[in-house]
Amino acid sequence: MNQINDIFLPEPTLRRLPWYLAYVETLQKNHIEFVSSTQISRALSVDASQIAKDLSFLNIRGKTRIGYEVAALAESLADFLGFTQSHKAYMIGCGSLGKALIRDSGLSKYGLEIVAGFDVDAEVVSRRDLGVPIYHIDNIYEIMAETPASIGILAVPSEMAQEAADIAIGAGVKAIWNFTPYRVKVAEGIVMANTSIYAHLALIFNRLNSLDK
């Protein structure tokens, strides 16, 4: 279970809510005013009754024969998910993936502001073209005092993942978003999310191989 805005909800529901938001934002851009759970169901291949149940956590209910007001639904979803608030983050590991995440303007659209990067490579630390300052990881305590952040994004080599997480948490980071394939361990009270690119790549390869048999 997860808690957002003092509401506990199942993790599968939490994972689906951004799908709904992305879809209704597309409808907004096309100037569509209302959408039904059936329409959302067809677009996202999620059962309509499940959609209604998921949205009930937001205290949003559609109108009979009309559906949900698109603008209100988009606003409620973004607010409920925390995307309308600013959350400051450190990029820990500024190699190719770290640089890409720093430059991803889409993250700031959804409330994630990367305010600094950290690395151990002297050449990376000296860079001034990424839009945020890059520091040696040894300076994280000093930077936390000057420009605090609550989230640490890990994109370091696997063998450095646990140590990097421990350093970030020791400096005061309250949440770890882990992009490494290593399963980092954190103490109770620290928010942890794993986004393994390699795990999904392995899944794709496996499914492709099964198609050829």
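Which residue in S9 does Ile153 stand opposite? The residue is Trp177, and the points below lead up to that pair. This is a predicted model, where local features need pLDDT of at least 70, side-chain atom pairs count only at pLDDT 80 or more, and totals for chains, interfaces and linings use all residues. Residues are numbered from 1 along each chain as its sequence is written, and side-chain values use heavy atoms, with hydrogens and water left out.

**Helix H1**
- Arg16 sits in helix H1 (residues 11-29); helices (H or I, at least four residues) and strands (E, at least two) are DSSP runs, numbered from the N terminus.
- Arg16 counts as buried because its relative accessibility is 15%, and buried means under 20% relative accessible area, with exposed over 50% and partly exposed in between (1.4 Å probe, protein chains only).
- Leaving aside residues up to four places away in sequence, Arg16 touches Val46, Gln50 and Asp54 (contact means heavy atoms within 4.5 Å).

**Strand S8 and its neighbours**
- From strand S8 (residues 151-154), Ile151 and Ile153 point one way while Gly152 and Leu154 point the other way, and all are buried.
- On one pairing, strand S5 (residues 87-92) and S8 are parallel over four bridges; two strands pair if DSSP finds at least two bridges between them.
- Met91 has Ile153 of S8 as its bridge partner.
- S8 is also joined by four bridges to strand S9 (residues 175-178), and these two run parallel.
- Here Ile153 comes up again, standing opposite Trp177 in S9.
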